Protein chains: 2
Amino acid sequence: VNIAEIFQPINADLKKVEEYLKNTADAEMPLVAELLNYAIQSGGKRLRPALTLICGQAGTYNLDTLVPMAAATEILHGATLVHDDIIDHSELRRGKQAIHRKWGESTALLLGDFMFAKSGALAASTGNLRVVTVFTQTLMTISSGELGQIGIDYDLSEVLDRYFRWIDAKTASLFTMATECGAVLSGCTEEVITILKEYGHNLGMAFQVVDDILDFTSDESTLGKPVGSDLSEGTVRLPTIMYVLAHPGDRLIRSIVKDKKRDRSTIREVVKVIKGSGVIEDCYKTAADYCIRACRDLNKIDNATMRKTLHNLADYVTNRNT
Amino acid sequence: VNIAEIFQPINADLKKVEEYLKNTADAEMPLVAELLNYAIQSGGKRLRPALTLICGQAGTYNLDTLVPMAAATEILHGATLVHDDIIDHSELRRGKQAIHRKWGESTALLLGDFMFAKSGALAASTGNLRVVTVFTQTLMTISSGELGQIGIDYDLSEVLDRYFRWIDAKTASLFTMATECGAVLSGCTEEVITILKEYGHNLGMAFQVVDDILDFTSDESTLGKPVGSDLSEGTVRLPTIMYVLAHPGDRLIRSIVKDKKRDRSTIREVVKVIKGSGVIEDCYKTAADYCIRACRDLNKIDNATMRKTLHNLADYVTNRNT
C-alpha cells in the first residue's frame, strides 16, 4: 500500500503543514533558515503531523490550530534527531550528511535547542494549555528516557523490558502526543482522546520495532545509512535482543555488545546471522501485536473514514519496507 | 551592599523557590535527580527567580504561580549554562567541574534538553498562556542569538553593535522574561508590565557587562574559573572590544583574536594590559548607564518597597565584585 493513498483524506491539509513548515523556516535569519530547512526538508514521511490531522477529524476539524500543532510535532521530532545524531556520532541522516557533520557540533546543539523552542512556541500558539503541557511532558519523557539508557549494563533478565520502555520514551511518546493533541484540539470527549492516545502509543511502538527490523533486513540505499547502524553505534535493538535471548552463549554478538568489536565485517556477519535466524519473524509478530492493540477500540469512534485511515496506517506500519 | 539584605522583602519566598527546586529535582529518577541537583545547586545568586518574585509584588502577589515560574526561570538559566559549557569546552562552572566534564557530553546535552522541558512544564503549570509564550520566545532568542555568533568575522565597525545584540539575546532576554512573567502573573497593567520588562532588559545588559569586566578584574577563586576565560575561549567581550577600538593596530590582542594564540601566558599579559588601560572604567560607565535606564520609569510604580528593592538591585549589579 502506498502511504499517499492512505493519507488521501488529509493530503491537501498535509500540504498546508508542509507550506507552514517552509514559511516558518524562511522567516528566520539566513543561517537559522538554512539550517531549519535542511533539518526539516529531509524527505521524511510526515507520519506524526499526519496523525495530528487525522485525529483532528474525530471532532471539530479546525486547521487554524491543527496545522501549527502538526508542524510543532514535526519540528520537535526533527530536534530530537539533530541531538540524537550528535550523541550517536551518526554520519548520515536519510542519505544526507548529518547536521553536526556538515556544520559542527555546536551549531547542531544550538539548532536542536532552537527547534525545541520553536516547536514549543507553535504548540503555545494553539492557545490550548493542555496541548502545551502534553508537549513539555513529551520532551521530558524523550530526554529522560535517553538519559536512562546511559551507562546501563545489559542484564539479560531485564533487557527486553528496558528496550520496550526505551522505545516508548523515544518514539511512542511522540506518536502519542501527535494523536492526543489532534484529538484535544478538535474538542473530543475524554473517551475518544484515550482511544486515540492508545492508538498513537501502540502504533509508535510498532513503528519503532519495524524500524529496528529494517536496520537488519533493508539495504543502505533504502535506509539512507549503512545496514546494522544501530549495532555499530553499540545500541541493542529487538532483533539482537531476541537472538541473544534464544542463544545466550553466542560469542559473535557478545564480541559486539560487550567487547565493542564493531568493525564493518563483524557487523555484516552479525546482520547475516540474525537475518538467517527466525527472530525477524518474531519481531514482525511483536509489531503486528502492537498494531492489533492500536486498533482494538477504534470501533467506538463514529467517523468511518477516519477509522479506515487509522486501520490502513497500522497495516502500513507493520508491512512497510522503508 | 549585601544581596541578602536587598532581597530581604522576598527572602522567605526565595527559600520556598529553593525548596521547590530541590523537590522538583528529587522527584525524578535517581540519575536525573543527581544531575539536576548538581546543575541547580551551584551556589548561584538566584537573581532571576528573585526578579520574578519582586515583580510579582507589583500586583496581586500569588505564590502558587510565582514560585513555579521563578523555578522555571532558574532551570531555564541552568539549561543554557549546561549547553554553553559544552560549546565553550569549559572545564569549570562556579568552581565545580562542568557537567560535560564530569558525566560526558551526551549526558550534558540530554540533561540540558530535559531542563528545557522541565522549565517549560513549570511555566505551563502556571496556567498562563502568555507566560508560556514569553518562555518559548525567550528560548528561541537565546539559541538563535548564539547561532548568530557562529562563524562571524570580527569587523571593527560593527563589533560593538554585535556585542550588545549578543548579550541582549544571551542574558538580558532571560532577565526580561523573569520580570515580565512576575508582572504578568500578578495581573499588572500593560504599562507596569512594560516598565518592569524594560527594567529587566536593562538590568540584564548591565549584569552581563559587569560579568565581562569581572573576567578581567576578579581572581580565580572568586570567579570559580581562570581569569580571562572568555578570551581563552576566543570570545571577545566589552573590555577587549573597547581596548581594540581605542588601539586598532594592537598586535597582542590581534594574536589572540585573529591568530588564535591563546596560551595562558599570552592571556595573562592581555588581561594585564587591558586592566591597566582606561577601558575598565569606560565599561563600568556603560553598565551604570544601563542601570539608570533600568530605573528611569520605576517612579510610576506605586509599591515603594518594591521600587526600593529594584533600585538597590541596580546599584548592586553595577558595584558587585562577585
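A:Arg237 and A:Asp212 form a salt bridge through their side chains, with 2.7 Å from N to O. A:Arg237 sits in the loop between helix H12 (229–232) and helix H13 (238–246) of chain A, and A:Asp212 sits in helix H10 (residues 190–217) of chain A, so this pair links parts 25 residues apart in sequence. The model is predicted. Over all chains, the structure contains 28 salt bridges.

Chain A comprises 17 helices and two strands. Its radius of gyration is 20 Å, close to the 20 Å given by the globule rule for 322 residues, so chain A is as compact as a globular protein of that length. The C-alpha trace of chain A spans about 55 × 50 × 35 Å along its principal axes.

The two chains were then compared. Chain B superposes on chain A by a rotation of 180° with 0.0 Å of shift along the axis, and the RMSD is 0.0 Å. The two copies are thus related as by a two-fold rotation axis. B:Leu129 comes closest to the rotation axis among the residues of chain B, its C-alpha lying at 3.3 Å.

The interface was examined next. The size of an interface is often given as the accessible area lost when the parts come together. Here, chain B and chain A bury about 3,100 Å² between them. Carbon and sulfur atoms account for 81% of this area. Three residues, B:Leu110, B:Met140 and B:Leu147, supply 20% of the area that chain B buries against chain A. The contact involves 37 residues from chain B and 37 residues from chain A. Of the interface residues of chain B, 100% are also interface residues in chain A, so the copies meet through the same surface.

The rule finds zero salt bridges between chain B and chain A. It does find four residue pairs in polar contact across the interface, with both residues at pLDDT 80 or more.

On the side of chain B that touches chain A, the elements giving two or more residues are helix H3 (30–40), helix H5 (63–87), helix H7 (105–124) and helix H8 (129–149) of chain B. H7(B) provides the largest share of this side, 14 residues. By residue class, the side of chain B that touches chain A divides into 20 nonpolar, twelve polar and five charged residues.

Key
Residues numbered from 1 in each chain as written. Chains lettered and ligands numbered in written order. Predicted model: local features only at pLDDT ≥ 70, side-chain atom pairs only at ≥ 80, totals over all residues. Heavy atoms only, no water. Contact = heavy atoms within 4.5 Å. Buried area = accessible area lost by both parts, 1.4 Å probe. Salt bridge = Lys/Arg side-chain N within 4 Å of Asp/Glu carboxyl O. Polar contact = N/O pair within 3.5 Å; in protein donor to acceptor, adjacent residues only side chain to side chain. Helix = DSSP H or I, 4+ residues; strand = E, 2+ residues; numbered from the N terminus. Nonpolar A, V, L, I, M, F, W, Y, C, P; charged D, E, K, R; others polar. Least-squares fit on C-alpha atoms with pLDDT ≥ 70 in both. Rg over C-alpha atoms; globule rule 2.2 N^0.38 Å.
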